Amino acid sequence: MTQTRRPLPQVEAGDRRPEERADAARNRAKILAAAEEIVATRGVEGLSMAEVAAAAGVGVGTLYRRFGDRSGLAYALIDRREREFQESFMGGPPPLGPGAPAAARVRAFLHALAVRVADQLDLLLMAETATPYARFGAAYGAYHRHLTILLAELRPGREPAYLADALLAPVAAGLIAYNLRERGAGMDAVHAGLDALLDGLDPEGRS
């Protein structure tokens, strides 16, 4: 993937896209669904503007006007999933969302984040390795703040900001890819590893 790298969005409560015309919104949904299917079956390198347009039933010019280029389309796919994920841990049902004990929310968040990374692994690998600090952009900041708040409640006075970084390290796209593709581990093994870390953090088993 080439072209300028766009930062991932940071979604705050109440943040929504400007209203779209109904037909434009339908076209956008069709385009993104078609692009997601192509990435799922052929990988990021198979993401062709012409093929996405054909699969979505729209003109190629529509894609270029809407997304600019293939890179813009790829980042739109990340954007949509990222907004849905952030909304789920900020305002969704517990234990991922508010209403559960801090320990349970930390565990649910890390499990869900690992799945979220695995679901868009090639796109997130591209995004997280675009520059040396690309991984620590807006989405990482939202994750870090969320974990820091929960960890401050769970383990007061124990450097929650650093602990948040330490717990986010195992769900980096590169490490998830290495475990799934090189080591042949499954998501059960990833979740078990996260649980082992969290058991050490919360020895009283409050989650």
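A nonpolar core, the term I would like to begin with, is a set of buried Ala, Val, Leu, Ile, Met, Phe, Trp, Tyr and Cys residues that are joined through side-chain atoms within 4.5 Å. With that in hand, let us turn to the structure above, and please keep in mind throughout that it is a predicted model.

The protein has ten helices and zero strands, so that, reading from the N terminus on, the elements run α-α-α-α-α-α-α-α-α-α. Of its 207 residues, 44% are buried, and the protein exposes about 10500 Å², with carbon and sulfur atoms supplying 54% of that area. If we take the contacts with a separation of 6 or more, 72% of them are between residues 24 or more positions apart.

In soluble globular proteins, nonpolar side chains tend to be buried together. Here the largest nonpolar core has 56 residues, and the ones with the most contacts inside it are V52, L73, F109 and L147. Helix 5, which covers residues 102-119, gives the most to this core, with nine residues.

Which residues does V52 touch, once we leave out those up to four places away in sequence? The partners of V52 are I31, A34, A35, I38, L47, L63 and L73.

Let me finish with R107, which also lies in helix 5. Why do we call R107 buried? Its relative accessible area is 17%, and because buried means under 20% relative accessible area, R107 falls within that class. The side chain of R107 is joined to the side chain of D199 by a polar contact of 3.2 Å.

Technical notes: Residues are numbered from 1 along each chain as its sequence is written. This is a predicted model: local features need pLDDT of at least 70, side-chain atom pairs count only at pLDDT 80 or more; totals for chains, interfaces and linings use all residues. Side-chain values use heavy atoms; hydrogens and water are left out. Helices (H or I, at least four residues) and strands (E, at least two) are DSSP runs, numbered from the N terminus. Buried means under 20% relative accessible area, exposed over 50%, partly exposed in between (1.4 Å probe, protein chains only). Contact means heavy atoms within 4.5 Å. Accessible areas come from the Shrake-Rupley method with a 1.4 Å probe; for residues, only the protein chains shown count as cover. A polar contact is a pair of N or O atoms within 3.5 Å; within protein, one must be able to donate a hydrogen and the other to accept it, and residues adjacent in sequence count only if both atoms are side-chain atoms.
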